[in-house]
Amino acid sequence: MIRIWEIIKKDFKIIVSDRKALFIILAMPILLTGILSMALGGSFQESGKRMAIPVALVVEGDAELDQERFISLLDSGPLKASMTQDSRAELEGAIRDLSPIAMFQEDFLGSEGIEELVELTVMDREMAEAALDATEVHAVIVLPKHYTYDMYMNFFTPFRNQIEVEVLGHTDYQYTLRIIKEVVTGFFQVINTGIIEKNVLLSVGSLAGESEVVYENMDEIIKGFVGSIEGVQIQELQGTKRVHVDGFTYYSAAMLAMFVLFTAGFGSRSLLTEKRDHTANRMQSAGVSLLDMMVGKWVMMVGLTICQMVVLFMFSWFAFGVRWTSPAGLLITSLVVGMAIASLGTLISLISYRSNNYKVANLFESVIVQVMALLGGSYIPLEVLPKGLSLVAPFTINGLTLQAIITLQRGFGFLSVLWIWAALLGISMGLLLLVFGLSRWKGGIQHENHSMA
Amino acid sequence: MNLVEIQGVKKHFGEIHAVDGIDMHVKKGEILGLLGPNGAGKSTTISMIATLLEPTNGTILFMGESIQTNPKRIQEVLGFVPQEIALYPTLTGKENLQFWGRVYGLRSSKLKERISEISQVIGLEERLKDRVDTYSGGMKRRLNIGVALLHKPAFIIMDEPTVGIDPQSRSFILDTVRELRDQGSTVLYTTHYIEEVESLCDRIYIMDHGKIIAEGTKESLTEMIDASEVIRLSVEAVDPMLITTLQELKFVEKAVVEANSIFLTVKENGNHYQSIMNALKESGTELKGMDIQKPSLETVFLHLTGRGLRD
Ligand SMILES: Nc1ncnc2c1ncn2[C@@H]1O[C@H](COP(=O)(O)OP(=O)(O)O)[C@@H](O)[C@H]1O
Ligand SMILES: [Mg+2]
């Protein structure tokens with residue numbers, strides 16, 4: 001155990017002494033992030049505007065029917081008792097003036113700000129589902145059957161009818177789904193606050209025997225309501241503005257996600273370097289196993305990745321003013337990314353060691369890293385990539401890394417990135433299993449025959 | 001009991017029989033020389049002893065116990081100086097010493113003490129803070145040896161430690177080896193330099209083509225060739241007919257050609273000069289020089305293999 005610790009310490013000293021590696025791993029991403037952000041940041045922001053999310057709105061019920069049903073309710077039951085003829089007429093007018101669907105569709109989704117975010121098309125359910133499958137729309141909002149009726153109940157009576165709005169998403173557009181859900185939730189939060197206020201008013205009114213007055217002023221109350229939807233919705237929009245990630249942030253995250261791969265590349269040479277420098281032999285003659293050496297390299301790569309990520313987070317904070325919102329989340333992300341990177345690096349280093357040449361490591365660095373960077377969205381935002389390619393992103397370490405950072409940055413909680421962390425851990429496990437398999441294969445965990453000539 | 005016992009050991013790399021069935025032993029407290037030309041199989045042999053390679057055949061015992069079943073036993077007391085520089089080039093001399101010392105279980109004050117002792121022995125005190133890749137070849141060699149001696153190993157294996165080194169460093173190293181033996185360590189010393197073996201080793205194995213071809217002390221080995229002299233003839237070009245003629249002379253034990261020299265191992269004292277000159281004249285070969293040598297390990301090797309050690 002003490003020995004492994006010494007080996008780990010030694011591996012860290014070696015990176016610190018390797019200026020070139022340090023440059024590639026720490027300085028290059030900083031430089032490139034700067035350059036790319038300047039060059040592309042602007043256009044990324046603009047394209048961010050053009051990228052309004054296509055959403056289908058499905059209205060399941062019949063609004064007119066609901067309206068008639070509710071008006072007929074005014075003449076029966078408890079409502080009738082608490083109203084004069086005049087206030088009843090006024091109320092009916094208010095009801096006919098108010099369309100809960102339009103409230104959602106036009107007043108809310110059509111308001112400035114949200115309109116930029118959501119490109120709405122009204123469809124029937126079947127069409128909407130087909131469009132979602134074809135990813136013509138990225139989410140579907142379904143207003144349920146008695147939406148209009150239930151909304152009237154909530155607005156004009158002391159009753160509370162539960163309204164279940166469905167939001168359907170596509171697996172390719174997990175973020176989008178979250179955004180739309182957040183938007184819908186925002187709307188109903190405002191509605192709920194309004195309903196509670198109104199109910200308080202009604203209760204107070206009836207206690208004072210003045211419920212009549214309350215109903216007479218219902219018109220005003222409702223107007224205030226709609227106003228508050230518009231008013232609060234701007235606040236809500238600022239809430240959803242967190243969702244917008246600017247060019248600096250995106251490229252900081254993307255460069256980082258790509259450059260962690262170089263840590264794997266660096267680590268993937270380290271075992272063979274020990275063989276070439278003959279230190280592997282000396283270790284073995286001292287009873288240090290190949291497994292011990294691999295543990296050293298693995299821990300070194302985990303640590304290096306974490307350092308790399310922390311340094312880049314700090315750099316982009318100070319240099320570009322990127323305000324990372326979830327330090328704890330990013331730290332956990334760094335740890336699981338480090339583990340995946342280290343496992344990948346260890347696997348490649350074992351292959352290089354076994355095959356006794358650097359070809360695999362070189363290939364990894366020059367080709368695979370670039371391909372992974374592209375597929376993982378390190379060069380251009382994934383949404384811009386062809387669909388088939390963007391499907392691969394969840395399987396690349398850098399793609400997952402980028403996704404985790406951006407998701408956290410967009411203000412979603414740990415729960416939303418849990419699957420990414422789990423996926424990264426899964427990748428680590430899988431790669432480590434391969435490492436074990438390969439080191440067992442052909443004669444156990446031991447050093448390779450080695451030419452002494 | 002012998003410290004190391006090697007029985008019928010072979011190591012084959014595919015078609016190459018690097019070590020081809022050898023028996024050897026190492027006695028406690030001796031400097032044992034393993035002498036042989038490049039490619040003889042010396043490094044392969046000691047790599048097997050140092051648990052770096054598994055023999056294709058045969059067994060190696062350390063203190064009576066197979067090193068394959070219990071490698072830890074030898075690993076703990078072994079100081080291994082590989083033929084190549086086995087150091088971390090980007091770390092400093094001190095960092096290298098510290099790391100390897102710790103690998104061998106040295107800690108804190110003990111480690112410090114040994115590092116200062118060893119760096120004195122290898123004459124690197126001044127340069128300890130510099131990176132190894134800034135060292136000269138000789139300095140690297142000395143550090144390469146130094147790291148193997150930190151833990152005061154009872155058994156030291158050195159694989160051609162003086163290759164490509166300045167004469168000063170070389171005598172430094174040879175003195176160190178003698179000191180180690182005097183302090184009670186056992187040393188297995190591999191080289192293709194005859195002088196080193198002659199001046200250093202208590203006992204010698206001569207190896208060629210993967211086989212042990214002779215064993216003994218320097219004296220017993222030179223006695224092996226039943227001759228009192230070796231006559232070396234320097235010629236312009238070697239005529240094969242001349243060799244045949246020379247070999248047919250009855251006092252000639254053996255005639256061996258190396259480059260433009262002919263080595264004649266001759267049986268008894270006396271004046272063979274005339275017969276040799278006649279043979280030369282007969283073949284029309286011009287003699288450029290001639291000298292008479294006392295039998296040495298070099299002549300032993302020539303005698304045994306028909307080749308020189310240095311090619
Ligand atoms: N790993 C190996 N694979 C193939 N051949 C080898 C290997 N190691 C050594 N040899 C061959 O075995 C022979 C003995 O090599 P070696 O033990 O290094 O000789 P020495 O140390 O006496 O110079 C040489 O012909 C060498 O080329
Ligand atoms: Mg050798």
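How many salt bridges does the rule find across the interface of chain A and chain B? There is one, and these close-up views of a predicted model start from the interface that holds it.

View 1. On one side, 26 residues of chain A take part, in contact with 35 residues of chain B.

**View 2. A salt bridge joins A:Glu6 and B:Arg102.** Look for the closest N and O atoms of this pair, which lie 3.6 Å apart.

**View 3. Helix 1 of chain A gives the most to the side that touches chain B.** Here you can pick out nine residues from this helix, which spans 2-17. Helix 14 (279-285) of chain A also supplies at least two residues. If you sort the residues on the chain A side by type, you will find seven nonpolar, 11 polar and eight charged.

**View 4. Two residues of chain B coordinate the magnesium ion (ligand 2).** The donor atoms to look for are OG of B:Ser43 and OE1 of B:Gln83, at 2.0 to 2.2 Å. These partners come from distant parts of the chain, 40 residues apart. B:Ser43 sits in helix 1 (residues 42-49) of chain B, while B:Gln83 belongs to the loop between strand 6 (78-81) and helix 3 (93-103). Are B:Ser43 and B:Gln83 buried or exposed? Both are buried.

Conventions:
Residues numbered from 1 in each chain as written. Chains lettered and ligands numbered in written order. Predicted model: local features only at pLDDT ≥ 70, side-chain atom pairs only at ≥ 80, totals over all residues. Heavy atoms only, no water. Contact = heavy atoms within 4.5 Å. Salt bridge = Lys/Arg side-chain N within 4 Å of Asp/Glu carboxyl O. Helix = DSSP H or I, 4+ residues; strand = E, 2+ residues; numbered from the N terminus. Nonpolar A, V, L, I, M, F, W, Y, C, P; charged D, E, K, R; others polar. Donors = N, O, S within 2.8 Å, 3.2 Å for Na, K, Ca; no water. Buried < 20%, exposed > 50% of the residue type's maximum accessible area, 1.4 Å probe, protein only.
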